[in-house]
Amino acid sequence: MSETASALFVNSEPISVQRSDVDHNAYHRHNFLEIAYISKGSAIHYFNHTTVTVRKGDYFAIDYNEAHRFSHDSTNTGGFEVINILFKPEFIDASLKGCRGFPDLVAHASINCSYFNLQAPPTGVIYHDESGEVLTLFHKMLREYTQQEPKYSELLRCCLIELIILTLRKIYKNVNDTVITDQTLNRLLEYVGQNFMHSIRLKEISAELGYTQSYLSSLFTQTLGIPFSKYLQNIRLAHACDLLVNTRKSVDEISEACGYNDVKFFRRLFKNKLKMSPSEFRKTSRRQPIL
């Protein structure tokens, strides 16, 4: 396939909700996430070397750097319309700045979904909105984004989280479907969630769970899509962001509460991840009073 340059997100705010009637475009990649809903007609959708006809009521997700395009469906004579939600993960939570895909996003506390409990990657499925519940969310988000009344951004955030969770439900494994691998990873993630504020080494955890370090490391990366060390770092920094916004603890106290005894290292890691210091983050991310 021939591909164009990446589509760039140019909004000052990290979300955009658009309606389009263009049913033919060139291959393109994104530097953002997209969820698209076919609200009228049909088109041919090309994605990851597959071709499928998408029709009214279908919707799908596109990850960072995934190439896709629409092509005209010759059998469609009634017009075409798609509603696109384009967003960067930090719109959901500032601690997700630097996140580059759904594996990181769905594991965040706002959504709290273990990636390995999904039956398929979120972007590998064409979903269908049988009840119209999803279309209602898309229309609400389009209206809020267009009218931009007071606190519209907060409403958009709530709707987006609801949309993602409703979508993940469609590919989430039932409890009876889980296998021993899931149980092992559940124990590992539960341990991290309870002990991230302490010194954690995969070597010691592996010994405690009865597995080799290399096995658990490989299992973790293959299933969740990120290394164990990055997952642990994300959990700690997400907790740090929460403490910075919602408590008066000092940066030194927060560093220690998140498992970092070296505050200089914590400050450097925080700034590399969020592109601002902990103090700057606290100043810019304080919750505003509700109207």
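This report describes selected strands, loops and helices of one predicted model.

## Basis of the description

The model is predicted: local features need pLDDT of at least 70, side-chain atom pairs count only at pLDDT 80 or more, and totals for chains, interfaces and linings use all residues. Residues are numbered from 1 along each chain as its sequence is written, and side-chain values use heavy atoms, with hydrogens and water left out.

Helices (H or I, at least four residues) and strands (E, at least two) are DSSP runs, numbered from the N terminus. Strand β3 spans residues 42–47, and 5 of its 6 residues are buried (under 20% relative accessible area; exposed is over 50% and partly exposed in between, with a 1.4 Å probe and protein chains only).

Two strands pair if DSSP finds at least two bridges between them. β3 pairs with β4 (residues 50–55) in the antiparallel sense over 6 bridges, and His45 stands opposite Val52 in β4. The two strands form a hairpin with 2 residues between them, and in the turn Asn48 has a positive phi of about 50°. β3 is also joined to β6 (residues 68–72) by 5 bridges, again antiparallel; here Tyr46 stands opposite Arg69.

## The loop residue Gly41

Gly41 lies in the loop between β2 (33–40) and β3. Its relative accessible area is 21%, so Gly41 is partly exposed. Beyond its neighbours within four places in sequence, Gly41 is in contact (heavy atoms within 4.5 Å) with residues including Val54, Arg55 and Phe80. Gly41 and Gly78 are 37 residues apart in sequence, and their C-alpha atoms are 6.0 Å apart in space.

## Helices α2 and α3

The axes of α2 (residues 133–147) and α3 (residues 152–169) come within 10 Å and cross at roughly 160°. Axes are lines fitted to C-alpha atoms, for helices over the stretch in contact, and angles run from 0 to 180 degrees between N-to-C directions. The two helices are therefore roughly antiparallel to each other, a term for angles over 145 degrees.

Among the residues of α2 that meet α3 are Leu137, Phe138 and Met141, while those of α3 include Leu156, Cys159 and Leu163. The residues of this contact divide into 12 nonpolar, no polar and 4 charged. Ala, Val, Leu, Ile, Met, Phe, Trp, Tyr, Cys and Pro count as nonpolar, Asp, Glu, Lys and Arg as charged, and the others, Gly among them, as polar.

## Positive phi in two loops

Most residues other than glycine have a negative phi. Asn65, in the loop between β5 (58–62) and β6, has a positive phi of about 65°. Asn65 counts as partly exposed because its relative accessibility is 48%.

Lys151 is placed in the loop between α2 and α3, and its phi is near 65°, a positive value. With 25% relative accessibility, Lys151 counts as partly exposed.

Definitions and conventions. Parallel < 35°, antiparallel > 145°, perpendicular 65-115°, else oblique.
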